[in-house]
Amino acid sequence: MNDFRMPSLGADMEAGTLVEWKVAPGDRVRRGDIVAVVETQKGAIEIEIFEDGVVRELAVAPGSLVPVGALLARLEGQAEATDAAPAPAPAPAPTPPPAPAPPASMAPASLEPPARPRVTPAARRRAAELGLTLEGLHGTGVAGAICLADLPQARPLRAGGFEPLGMRRAIAAAMGRSKREIPHYYLGQSVDLSPTLDWLERLNAGRGPSQRLLPAVLMLRAAALAVAGSPELNGFWKEEGFRPGEGVHVGWAVALRGGGLVAPAIHHADRLPLDALMAAMRDLVTRARSGGLRGSELTDATITITSLGDRGAESVLPIIHPPQVAILGFGRVAERPWVVDGAVVPRRIVQITLAGDHRASDGHRGGLLLARIEALLQKPEAL
């Protein structure tokens with residue numbers, strides 16, 4: 001029997017509210033299946049199971065506030081489930097047919113009102129806020145309970161399920177701990193993006209709006225390829241020391257409407273060509289703002305990238321998100337005087353910054369990473 005416990009969905013999480021179960025006792029589950037929805041300061045997050053087996057016990061009721069690491073459910077492995085499977089029950093003896101019902105005119109009037117529908121606490125609270133009636137709704141939760149997803153306006157509202165003030169407090173606590181415990185070093189690099197953006201404009205000229213690439217995807221692609229060659233900057237600092245990541249899982253910082261920030265992971269970002277990476281970015285941003293992020297996307301990023309976009313500042317000094325050991329920041333692309341072949345000409349420049357953990361790497365290794373990113377951005381056709 002294995003315990004399934006409340007996962008930590010980021011360094012800023014201490015507890016989460018179980019909104020609904022997606023499984024019931026006796027259900028078979030496979031690694032990666034969504035088994036529950038948990039609400040944190042980052043909104044409603046879908047929680048995955050990490051092994052195959054059979055659910056034997058749900059230890060927490062929907063609506064409960066559960067600390068990180070607390071028991072959520074018990075799971076029986078496939079071998080245990082097979083060994084423990086009960087023998088087939090003997091066929092029941094035939095029962096006599098029921099007596100015919102009396103005519104309608106003779107049937108007694110019902111003495112009890114119809115049973116109230118089962119409703120999770122979160123769905124009942126949301127329905128009250130929206131003024132919705134629950135009668136007639138079909139429940140998809142455990143034992144047919146009506147859950148958030150069953151409410152007519154639940155899905156649009158799940159995106160705003162986070163509380164901005166609580167999220168900011170949690171982020172501040174995590175970043176304060178990061179600054180206290182992690183010996184940061186900072187490096188910066190100015191990169192001429194004019195050739196890259198000229199190439200991108202030519203590429204996009206022959207595409208429809210939905211197929212066009214954004215400059216951010218070129219920066220993300222170049223960074224992911226460079227990070228793949230810098231394993232000491234891609235991973236986690238644990239009690240036993242540095243543990244390299246099993247892939248380049250880039251946490252892409254997304255600003256949420258109404259405030260707040262999340263950085264879910266794009267898995268194996270270095271293996272995705274530009275169009276696939278652009279699709280992954282769009283999907284991630286959409287789900288971050290409208291609901292539907294998965295727990296693994298918030299827990300296994302191996303390095304974070306924050307891009308301020310065309311409305312942001314020209315540079316950023318980011319803080320490492322523990323237990324990661326590095327974070328990259330891209331500022332706003334700005335036109336600046338630049339020396340080319342001995343002449344001063346206008347160029348579109350981006351400031352790239354790196355914050356590294358001195359326990360895992362040093363300024364020399366960080367400088368090599370920034371140099372690789374610059375070199376890759378100078379040859380966009382090879383991205």
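Analyst: This is a predicted model. The protein holds 9 helices and 19 strands. It has 383 residues, and 42% of them are buried. Of the contacts between residues at least 6 apart in sequence, 64% join residues at least 24 apart. The exposed surface comes to about 19,700 Å², with 56% of it supplied by carbon and sulfur atoms.

Now the pair. Two packed helices are described by the angle between their axes and the distance between the axes. Helix H6 covers residues 215-228, and helix H9 covers residues 363-377. Their axes are 9 Å apart and meet at an angle of about 135°. H6 is therefore oblique to H9. The crossing of H6 past H9 is right-handed.

H6 brings Leu218, Met219, Ala222, Ala223, Leu225, Ala226 and Val227 to the contact. H9 answers with Leu369, Arg372, Ile373, Leu376 and Leu377. By class, the contact residues are 11 nonpolar, 1 charged and no polar. Arg372 of H9 is the charged one.

Some loops deserve a look too. Proline 322 and proline 323 are joined by a cis peptide bond, with omega about 5°. Proline 323 sits in the loop between strand E16 (303-307) and strand E17 (326-330). Histidine 268, not a glycine, has a positive phi near 50°. Its loop runs between strand E15 (265-266) and helix H7 (274-290). Histidine 268 counts as partly exposed because its relative accessibility is 26%. Aspartate 341 also has a positive phi, about 55°. Aspartate 341 lies between strand E18 (334-340) and strand E19 (343-357), in the loop. With a relative accessible area of 82%, aspartate 341 is exposed.

Key
Residues are numbered from 1 along each chain as its sequence is written. This is a predicted model: local features need pLDDT of at least 70, side-chain atom pairs count only at pLDDT 80 or more; totals for chains, interfaces and linings use all residues. Side-chain values use heavy atoms; hydrogens and water are left out. Axes are lines fitted to C-alpha atoms, for helices over the stretch in contact, and angles run from 0 to 180 degrees between N-to-C directions. Helices (H or I, at least four residues) and strands (E, at least two) are DSSP runs, numbered from the N terminus. Angles under 35 degrees count as roughly parallel, over 145 as roughly antiparallel, 65 to 115 as roughly perpendicular and the rest as oblique. A crossing is left-handed if the near helix is turned anticlockwise from the far one by less than a right angle, and right-handed if clockwise. Contact means heavy atoms within 4.5 Å. Ala, Val, Leu, Ile, Met, Phe, Trp, Tyr, Cys and Pro count as nonpolar, Asp, Glu, Lys and Arg as charged, and the others, Gly among them, as polar. Buried means under 20% relative accessible area, exposed over 50%, partly exposed in between (1.4 Å probe, protein chains only). Accessible areas come from the Shrake-Rupley method with a 1.4 Å probe; for residues, only the protein chains shown count as cover.
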